[in-house]
Every structure is written in structure tokens, then in C-alpha cells.
Amino acid sequence: MQAAGDGAHNPAALFFGLFVVVSLAITWIAARRTRDTADFLVAGGRVGTLQNGLALTGDFLAATGFLGISGLIALIGFSGATYSIGAMVGWPLMTFLLAEPLRRMGRYTIADVLMYRLDAPSVRLLSAIGSLAVLLMFSLMSMVGAGALVRLLLGLSYDASVWLVGGMMLVYVLLGGMIATTWVQTIKCVVMMGSALALAVMVLARFGFSPGALFNAAAARNGVGVLAPNPNAIGLWDFLSAGISSVIGVASLPHVLTRFFTVPDTRTARQSLVIATGLIGLNMLIIFIVGFGGMALVGSAAIRAVERGGNMTIPLLAQQLGGPWFLGFIAAVALATILASFCGLVMTGVATLSHDLWGRLVRGGRAGEREQYLVAKICTVGFCLVGVFLGITFQGQNIAFLSGLASSIAASTNFPALVLAIFWRRFTAAGAVAGMLTGLLACLLLVWMSPFIQMQMLGHAGAPIGLNTPGLIAIPLAFVVSIVVSLLTARASDAARFDAVEQAMAGGVTHG
Amino acid sequence: MATRAAMPEPAHLARRQRTMALRMTALLGAMYLGFMLLVALAAPLLAVQVAPGISIAILLGAVMIVMSWLLGWFYVAWANRQRDARGGAI
């Protein structure tokens with residue numbers, strides 16, 4: 001890995017510089033097409049099918065999909081792929097339940113969709129809080145990842161790396177808004193999938209293009225157990241909990257669902273999901289090959305020696321198979337991946353802050369267009385600064401529990417509220433508030449009581465519960481509380497609003 | 001598709017789409033639960049190799065990915081047909 005870090009003769013810096021130049025050019029073009037708040041927050045609802053499919057894929061396949069999962073597979077084999085299969089299952093779930101209603105009922109945020117059905121400011125407030133919590137956790141993770149990666153690749157200090165990433169983000173989003181973010185995400189998706197595919201082909205070429213021969217070679221190094229699940233790795237209930245959290249979590253990520261507000265109609269929303277699901281599936285098959293390639297060709301011990309979590313599998317494999325230039329290219333792609341993902345998080349956070357909190361709750365919908373636009377830009381600066389602050393504060397901290405916590409919070413606040421609002425006539429605002437609050441608090445409490453926090457971080461002998469991922473308890477609990485409180489607070493007006501939802505779903509009205 | 005005698009009213013359409021969405025969700029959920037239970041409880045079975053290097057586990061993982069895409073595609077194709085059949089009625 002030393003080849004990546006020596007100053008001016010650094011292929012990674014060269015390729016990364018190229019990405020920066022191209023993306024800044026795009027931002028400049030996008031800035032000229034960004035004229036009002038709708039352009040800024042949701043690209044004016046003009047994103048087409050193919051591009052939305054690529055951007056959805058890009059939003060989802062952040063650094064974890066590229067570096068993390070391949071690393072996990074290279075270290076432990078098949079078991080490392082189990083949860084990513086859960087994430088794959090989340091996509092058709094999103095297609096069935098959420099994509100079309102979101103496009104029909106929402107303008108800028110998930111809270112818009114809930115408010116279409118349940119007219120109560122407290123619903124908007126809680127939905128905004130839930131979304132912001134999830135977005136900040138993801139921002140923290142990508143900032144810490146970006147800081148470590150930039151330091152490794154460009155040789156800057158950690159703090160300088162975080163400031164660099166935060167500053168670039170600010171330029172993209174502030175000038176180009178959602179139009180630039182969508183293009184950056186699209187380009188990143190194409191480049192990332194292209195380079196992963198190239199790497200997979202190079203791996204397979206070493207084994208006569210026979211996947212079986214590759215898996216056999218990996219099994220010869222690490223034992224035949226890597227080709228099957230490891231029954232002792234994790235308890236049954238924790239395993240199921242992590243699985244259900246990843247499926248439902250994917251279908252409720254605010255920065256992914258935002259993409260349904262950027263397309264013109266439901267047909268585009270649906271079709272772009274077919275493209276995104278296909279690309280994500282393809283990417284998972286590619287990453288599967290690359291991960292086993294890392295195990296067979298680089299070796300788990302060598303990978304662990306560089307970084308314990310296995311995140312350097314793809315760079316190491318690229319260096320071995322393609323030399324320093326290919327390593328530089330792959331490293332630049334990984335950086336671009338983190339940058340683009342953070343752009344998507346910022347955009348969704350800005351929509352929540354400026355539209356939900358300021359425009360609707362503080363100003364009660366009376367804010368004019370100029371004010372909205374200005375507030376959105378101020379929120380952009382604020383969100384980027386908070387991202388930098390979080391990145392610097394949490395340097396080197398063990399934040400492995402955050403990704404499970406973030407997707408569990410998304411899954412137990414957004415998902416029950418959205419599904420019940422769309423599918424259940426007797427859902428009420430009080431039910432939604434109680435359910436979202438329960439989901440959020442249950443996740444925080446359960447993670448606090450988990451073996452990871454209690455035993456690994458605090459060093460206690462035991463933990464009150466055996467689950468590291470709270471989803472298995474928190475998601476059903478949020479559903480039950482939502483339903484019970486709704487039944488206790490039934491009003492005729494809520495059912496009347498449900499009829500309006502049915503009208504909208506049948507194509508009567510389209511919001512925004 | 002223009003042979004449909006009477007255009008269904010909005011509530012009816014919405015209900016049919018909802019039923020389809022929930023059915024597909026149930027199917028997907030059953031498929032995923034089956035996969036998770038197999039992985040959790042039937043590791044020795046999944047370790048069996050159907051071809052050199054290709055274990056049932058790996059095959060099943062690939063099948064899950066392909067099936068997820070197919071189910072999503074099937075629903076979208078159905079929904080597009082529904083909308084097309086309705087034409088510009090509204």
C-alpha cells in the first residue's frame with residue numbers, strides 16, 4: 001500500500017484530481033440550471049429513468065458496498081455476503097410498497113408524504129428528527145471513512161483530509177444542488193461498477209474464467225468452511241434481527257427515498273427501480289467474485305495485516321493484479337464514492353432542515369421562494385460544517401455499531417409510518433407520532449443495552465439483551481404501538497384523508 | 001387492452017394495486033425468511049457442493065439476488081400494464 005502515498009508521483013492523486021475537475025465542471029453547468037428551490041432540492045423533478053436508476057444505485061452503493069462487503073467476504077467467505085443479500089431484498093420491497101406512493105404524495109421529503117395523509121405538525125417534526133438522526137449517523141461514518149482514506153491516499157493529516165472532503169462537498173452542493181449531486185452520483189456509479197467489473201474479470205482470468213476454480217482456491221487457503229454459512233458465528237435471533245434490519249432499513253433510507261421526488265412521474269419511479277435493482281444485484285455478484293479473489297490471491301492474513309476490517313481488500317487486489325496505476329485508479333474511485341455519497345446525504349439533510357423544519361414548522365408554509373432558497377443554502381453550509389465537526393470528533397473511535405443503529409432507526413421510524421399511512425385506513429396522527437417515537441427510543445435503548453456497547457466498549461461482563469441489532473424488536477414494536485394508539489384515537493377525518501390517498505394512488509392528483 | 005368494458009373507478013384501482021403490492025411483499029418475505037432460516041439452521045446442507053467449488057450456499061445466494069430482481073421487475077411490468085390499460089381515463 002506504500003505505493004499510494006508518495007506525493008507528486010501518486011497515481012491516486014492524479015485520478016482523484018481528474019474526478020474533481022470533471023465533477024466541478026458538472027457543478028458549474030448544474031449551477032446555471034439551478035434557479036429555484038425545487039431545482040435545488042429535487043433537481044426540478046426532471047431526472048429521467050436511466051439516470052435515476054444509476055443515481056439510486058450510487059446512493060445505495062456507498063463505500064460499504066464497495067470496500068466493506070468485499071473485505072468481509074475476503075476475510076470470512078460466504079457469511080460476509082449474507083447481509084448484503086438482505087439489502088438486495090430491500091429493493092423489491094421498496095418497489096412494491098413505497099416508490100409510487102412517495103412520488104404521488106410527496107414533494108421534497110418523507111414528511112410531506114406522511115403529512116398528505118395525516119395533517120399534524122408533530123408528525124412532520126418527528127419524521128424530520130428521525131431522518132436527521134439517520135443522516136447524521138451516515139454522515140459521521142462517511143466522514144470518518146473519508147478522513148482515513150484521504151490520509152492514506154494523499155498523505156494529508158486526518159483533520160486536513162476531513163476539511164478537504166467537507167469543503168469540496170460544500171462547493172458541489174451549494175452551487176449545483178440536487179442536479180450536480182445526481183450527476184456526481186451517476187458518474188461515480190458508472191466508474192465504480194466499471195472498475196469492480198474489471199477487477200472481477202482480472203480475478204476470474206487467473207482461474208480460467210471458472211468461478212468454481214476460484215472458490216476452490218479460496219477454500220484451499222482458508223478451509224472449505226468459507227463456502228458455507230458459519231453456524232456458530234452469531235446467535236439465531238441476532239442473525240434474524242440483522243437480516244430484517246438490513247431489508248427494511250434499505251427500503252427506508254431517507255437519502256435513497258429522496259430520489260423518488262426527483263423524477264417526473266410514477267412510471268419513471270418504477271422503471272428506474274428495475275434498473276437500480278438490476279445494477280445492485282449485478283454489483284453484488286461482482287463483489288462476491290472480487291471478495292473471494294481477495295481471499296484466494298492476496299490472502300486473509302495479508303489483508304488483515306493492512307487493516308483489520310478488510311476494507312483494503314480491493315486496493316490490495318488491484319495493486320497485485322494491475323500494478324500501481326490500477327491501484328491509483330481504484331483508490332480514486334473509492335474516494336469519489338465517499339464524496340458522492342456524502343453529497344446525497346447533505347442534500348436530503350438540507351431538504352429536511354430547510355423545508356420541513358424551517359419552511360413548514362417554523363414559518364408555517366408562509367416563507368416565500370427567495371427565503372426558502374436562501375435558507376436551503378444556509379442549511380447546506382451548516383450541514384457540511386456539522387459533518388466536518390463529527391468527522392474530526394469521532395476520529396479513530398469504534399463506530400461499528402452505528403451502521404446497524406442508523407438502518408434500524410430508519411426501519412423503525414420511517415417504514416411503519418409510511419406503510420401504515422399508505423395502506424391502512426384507520427391510521428391516525430397520534431398513532432404515527434407514538435409509533436415513530438417508540439421506534440426511535442427503542443433503537444437507542446436497545447443499542448445501549450447491546451453486547452457490543454456493554455461488553456466490547458464499556459468492558460462489562462454481560463449485557464441485558466443478546467441482540468446487537470435492535471430491528472427485530474424495534475420494528476414490530478413501532479408497528480404495534482402505531483396501530484394500538486391509532487385505534488384508540490380514531491377520528492372520521494383521518495379515514496376521509498385516506499380516500500384522498502386512494503384518489504392520488506389511482507392517478508387523480510400528483511403532489512409537486 | 002381497449003376491450004375492457006367499464007373503466008374501473010379510482011378506489012377500485014387503488015385497491016387492486018394495494019392487494020398486488022401486499023401479495024408480492026408476502027411472497028418476498030417468505031422467500032427471504034426461508035433463506036435466512038436455511039442459512040441459520042442448515043449449514044451442513046448448504047456446504048454440499050453441487051459442482052467443484054460451487055456450494056449450495058453460493059448457488060442459493062445468487063438465486064436470491066436474481067429472484068429479488070425478477071420479483072421487482074414482475075411487479076413493475078404488471079403495474080405498467082395496469083396503467084396502460086386504463087389509458088388516459090383520468
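Analyst: Happy to! The buried residues of α7(A) are Ile110(A), Ala111(A), Asp112(A), Val113(A), Leu114(A), Met115(A), Tyr116(A) and Arg117(A). Buried means under 20% relative accessible area, exposed over 50%, and partly exposed in between, with a 1.4 Å probe and protein chains only. Helices are DSSP runs of H or I with at least four residues, numbered from the N terminus. Some ground rules: this is a predicted model, where local features need pLDDT of at least 70, side-chain atom pairs count only at pLDDT 80 or more, and totals for chains, interfaces and linings use all residues. Residues are numbered from 1 along each chain as its sequence is written, chains are lettered from A and ligands numbered from 1 in the order in which they are written, and side-chain values use heavy atoms, with hydrogens and water left out.

User: Why is helix α7 of chain A described as largely enclosed?
Analyst: Because 8 of the 8 residues in α7 (residues 110–117) of chain A are buried, the rest of the structure largely encloses that helix.

User: Which residue forms a salt bridge with Asp112(A)?
Analyst: Arg124(A), with the closest N and O atoms 2.9 Å apart. That pair links distant parts of the chain, as Asp112(A) sits in helix α7 of chain A and Arg124(A) in helix α8 (residues 121–154) of chain A, 12 residues apart. A salt bridge here is a side-chain nitrogen of Lys or Arg within 4 Å of a carboxyl oxygen of Asp or Glu.

User: Which residues are linked with Arg124(A) in a network of salt bridges?
Analyst: Asp112(A) and Asp356(A) are linked with Arg124(A) in that network.

User: How many salt bridges are there over all chains?
Analyst: The count comes to 7. One of them joins Arg259(A) and Asp59(A), at 2.5 Å from N to O. Arg259(A) lies in the loop between α12 (254–257) and α13 (266–298) of chain A, while Asp59(A) belongs to helix α3 (residues 49–60), 200 residues apart.

User: Is Arg259(A) buried or exposed?
Analyst: Buried, at a relative accessible area of 0%. Asp59(A) is buried too, at 3%.

User: Switching topic: where is Thr34(A)?
Analyst: Thr34(A) is in the loop between α1 (11–33) and α2 (37–42) of chain A. Its relative accessible area is 7%, so Thr34(A) is buried. The Thr34(A) side chain reaches the backbone oxygen of Ala30(A) at 2.8 Å.

User: And which residues does Thr34(A) touch?
Analyst: Leaving out residues up to four places away in sequence, Thr34(A) touches Asp39(A), Phe40(A), Leu175(A), Gly176(A), Ile179(A) and Tyr373(A). Contact means heavy atoms within 4.5 Å.

Methods
Helix = DSSP H or I, 4+ residues; strand = E, 2+ residues; numbered from the N terminus. Polar contact = N/O pair within 3.5 Å; in protein donor to acceptor, adjacent residues only side chain to side chain.
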